[in-house]
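Hi everyone, thanks for coming.

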Amino acid sequence: MGANVSRQEDFASNDFLSKFVGKDHVPVEDSMFWESFLKFHIAFPTNSQEQLSLDSRLETTCQSFISHNLHSGNLGSLISVFLSKVTELLALSDQESTLHVWQSFNALFIIRSLVKYIVETGSEYQLLQHFEAVPAAKKESVEKQDESVAVEDSSEATSVTVDGSKFESFLEAIVNIIVVIPVKDFTYHLHLEAVNNLITLLSVHLYSSQSTEKSSIYRAIYKCQHGNTLMSALLHFVSRKSQMPQGMFGFNSGGSFVFGIAESLWSMLTFRKPQDVLANPDLPNTFREHFPLANQSLLLILILTNHHTGKENLYRFSLFNCANASENDQSKEVISFKIDFSVLYNTLCQIITIDQATLLLYLLLHRNQRFYKFVMAQPDLQNLVIPILQTLYHAPDSTSHHIYMSLIILLILSEDDGFNKSVHQIMLKTISWYTERSISEISLGGLLVLVVIRTIQYNMLKMRDKYLHTNCLAALANMSGQFRYLHPYVAQRMVSLFETLARKHSRLDNLLKQPANGVSLDVQTSKEEMLQDLSVLEEVLRMVLEILNSCLSHQLLYCPNLVYTLLYKKQVFENFRSHHAFQDIIQNIDMVVGFFSSRLQRVQEQRGELGVNEVLEVISKGASQWSSDRLRKFPDLKFKYVEENEPQEFFIPYVWTLVSKCGCIHFSSESMKGIITETIVNC
């Protein structure tokens with residue numbers, strides 16, 4: 001292999017690789033072999049398709065490894081060489097460590113390729129057998145010294161002692177790479193490969209029917225004593241989003257090793273603008289290709305925090321209790337680690353339209369009160385909210401899971417009165433992606449209302465999901481008491497939503513009142529469905545009326561455009577005045593409409609026909625004399641997001657779908673187990 005780029009088609013003919021996967025043992029002490037074997041430069045796969053292509057070319061090599069390793073113990077030798085390289089690496093300076101970084105990466109890359117193959121084609125126990133396998137010549141002496149139980153492998157007719165010691169040493173080494181070695185251009189791929197190894201080890205869950213509580217690999221990872229430091233390092237990788245260097249380990253495109261080192265050291269001192277790269281419209285692929293360490297670290301965070309949720313999970317605790325490094329936290333609550341919230345917030349604002357970033361933001365807002373309070377205090381909330389609204393606006397281009405999480409984030413944000421007030425104070429100029437109507441200026445709150453209403457209407461036509469309706473309306477309800485200076489179009493859309501729902505309610509009600517003589521079973525079943533639809537519609541209609549009432553009760557003085565629209569569309573409420581489910585709240589709306597109608601009538605009698613501006617002037621003057629005490633009191637609308645029981649049933653398949661879809665590692669779906677398979681395959 002030497003220092004040349006290794007082409008994938010060269011694997012089968014490579015003497016060093018053939019010897020490694022062959023039947024003969026290569027001792028750790030054979031430094032000449034290992035030095036030569038680990039001096040190669042591979043075309044690193046940057047996406048799942050490239051990984052799949054690599055896997056297909058490695059299959060014969062991996063099969064040879066499986067056939068011989070339990071006798072040769074060469075994986076154990078490679079791991080021992082890797083462990084010694086890492087130990088030396090931790091003590092070396094930058095100038096001295098470049099070769100060690102390169103060889104450590106190559107060792108890790110080979111180990112991951114083999115681990116991935118065993119995970120996809122065998123079992124977790126077989127993987128651990130290969131980790132612990134020793135050469136036949138040493139087997140007898142090892143077994144005498146080891147008190148662990150020997151397990152027979154029928155396919156190999158050999159005995160392999162499994163105590164997990166080699167695996168735990170390997171795990172500790174890759175964690176040390178992540179948490180101890182600083183990220184620089186020539187260490188970038190080593191860090192990335194360490195993260196990818198952890199993801200690959202955790203992927204045993206995809207191919208096993210047993211729970212992760214019974215997994216030796218999961219137990220080892222979740223009892224890792226450096227879990228808090230690991231989570232801190234991973235979140236820092238995401239927050240800083242270091243861009244992938246053009247070369248690997250000091251190799252530049254021209255192949256000069258020495259010049260490449262100087263180039264990589266210089267680039268560390270050079271200011272970069274990763275946000276320019278992130279302006280690319282294909283953000284998921286851009287983020288994965290240009291910032292793979294941040295992308296893979298983000299996916300690993302999601303895996304670690306969403307498994308073992310019902311048990312003691314240091315990774316969850318660590319993420320949910322981190323604090324802002326730039327603030328002196330005086331609270332008595334535990335702090336797991338500190339990170340600059342402003343950098344993390346800015347990064348999330350840039351990448352929030354991708355699924356995995358939305359899910360991380362959800363975890364932080366829902367579970368980390370310090371981060372939630374920090375976000376609520378930001379003056380530039382539009383940088384976070386507008387991309388979320390874009391995701392909802394382009395709902396057909398997103399998964400249902402992504403839409404749910406985006407809505408839940410809006411609901412969590414709307415629980416804060418300060419947020420609900422500030423979004424109506426932030427004014428936006430032309431929003432190019434909102435194409436329903438050209439609006440030269442609108443408040444962030446007004447835009448939020450428009451997009452959520454549009455999401456409700458999209459759901460009515462396409463998804464028909466009651467849970468989605470509930471979250472949309474809950475967010476609007478939380479905000480309704482703070483609605484101010486609503487744009488005329490926003491007011492129209494709010495009343496139009498009620499009008500659309502009302503027409504649908506009327507049609508369903510009329511269908512159900514038709515005589516049922518001679519009705520077939522199919523139609524009868526359809527009637528049951530219509531009754532369910534009618535019930536859901538009435539809940540939604542009631543909620544929309546409560547939102548309108550809340551705005552009129554608390555902010556009538558500041559919402560003349562809404563009053564104007566209610567006056568213009570007052571007939572849409574006609575059929576609901578006598579309906580038992582609505583008549584109490586309709587009375588309030590009728591009272592407001594009646595009050596302003598009479599004032600307008602008096603002014604018209606004096607001046608004649610009034611224009612729009614004159615009507616709004618009358619409404620504004622009347623609003624200053626209006627007393628909300630006239631209205632019937634209803635409880636304030638306050639909804640709080642509560643995570644459902646057994647949330648892992650939703651989140652674990654979702655997370656592994658993201659790992660498969662958005663990561664740079666391809667996982668074969670042929671032998672995956674259970675609901676995760678269905679989710680990934682159908683994604």
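Predicted model: local features only at pLDDT ≥ 70, side-chain atom pairs only at ≥ 80, totals over all residues.

I'll talk about salt bridges here, pair by pair.

Searching the whole structure turns up 18 salt bridges, and I've picked out a few of them.

Let's start with Glu 436 and Arg 454. Their side chains form a salt bridge, with N to O at 2.8 Å. What I like is that this pair links distant parts of the chain, 18 residues apart. Glu 436 sits in the loop between strand E7 (427-428) and strand E8 (442-443), while Arg 454 belongs to helix H23 (residues 444-463).

Next up, Glu 499 and Arg 503, whose side chains meet in a salt bridge at 3.7 Å, N to O. Both are in helix H25 (residues 488-513), and because they're four residues apart there, about one helical turn separates them. Glu 499 has 16% relative accessibility, so it counts as buried, the cut-off being under 20%. Arg 503, on the other hand, is partly exposed, with 45%.

Then there's Glu 574, which pairs up with Arg 577: the closest N and O atoms are 2.9 Å apart in that salt bridge. Glu 574 is partly exposed at 48% relative accessible area, and Arg 577 is partly exposed at 28%.

Last one, and here we go beyond a pair.

Definitions and conventions:
Residues numbered from 1 in each chain as written. Heavy atoms only, no water. Salt bridge = Lys/Arg side-chain N within 4 Å of Asp/Glu carboxyl O. Helix = DSSP H or I, 4+ residues; strand = E, 2+ residues; numbered from the N terminus. Buried < 20%, exposed > 50% of the residue type's maximum accessible area, 1.4 Å probe, protein only.
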